[in-house]
Amino acid sequence: MRIPGLELDLERLPAPLPIWRANVDTDAWQAAAPAVAAAHGRLVALWGADRGWQDAGGVAACAAYALADGLVWLDLALPADAPRYPEVSSHFACAARMERATADLLGIVAIGARDTRPWLD
């Protein structure tokens, strides 16, 4: 499994469906969305994760993409004091709501997001 144009260290997860996961840096995160879109893939979900319970702490931005060969889950570790990640909504419009929810619920902000309205009133 691979995302065209990206060299990622993908780990196959034990699941009944073909699912791979990779920890990525900011450059790979930014390159993934347009690469998946160009391969006619889809964004399945985007979410934030609080990793405060782990030794390393911090938070993460996560995205799941559907490609012809299966699902890819990307995990971008973020420092707790600056939880920001590059937006993906310019490539997948459906991400705008997920970016807003992640910002509102966890304070993890999508840099460059066009829609920054609060998710919750």
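This is a predicted model: local features need pLDDT of at least 70, side-chain atom pairs count only at pLDDT 80 or more; totals for chains, interfaces and linings use all residues.
Residues are numbered from 1 along each chain as its sequence is written, and side-chain values use heavy atoms, with hydrogens and water left out. Local features need pLDDT of at least 70 and side-chain atom pairs count only at pLDDT 80 or more, whereas totals for chains, interfaces and linings use all residues.

Select I3, W29, L43, Y65, L74, Y85 and V88 to begin, since of the 31 residues in the largest nonpolar core they touch the most other members; such a core is a set of buried (under 20% relative accessible area, 1.4 Å probe, protein chains only) Ala, Val, Leu, Ile, Met, Phe, Trp, Tyr and Cys residues joined through side-chain atoms within 4.5 Å. Colour next the elements that give two or more residues to this core, among them β2 (19-24), α1 (26-38) and β3 (42-50), of which α1 gives the most, with six residues.

Centre on V88, which is in contact (heavy atoms within 4.5 Å) with W29, A33, L43, L46, Y65, A95 and E99, leaving aside neighbours within four places in sequence.

Beyond residues up to four places away in sequence, R100 touches D115, R117, P118 and W119.

Technical notes: Buried means under 20% relative accessible area, exposed over 50%, partly exposed in between (1.4 Å probe, protein chains only). Helices (H or I, at least four residues) and strands (E, at least two) are DSSP runs, numbered from the N terminus.
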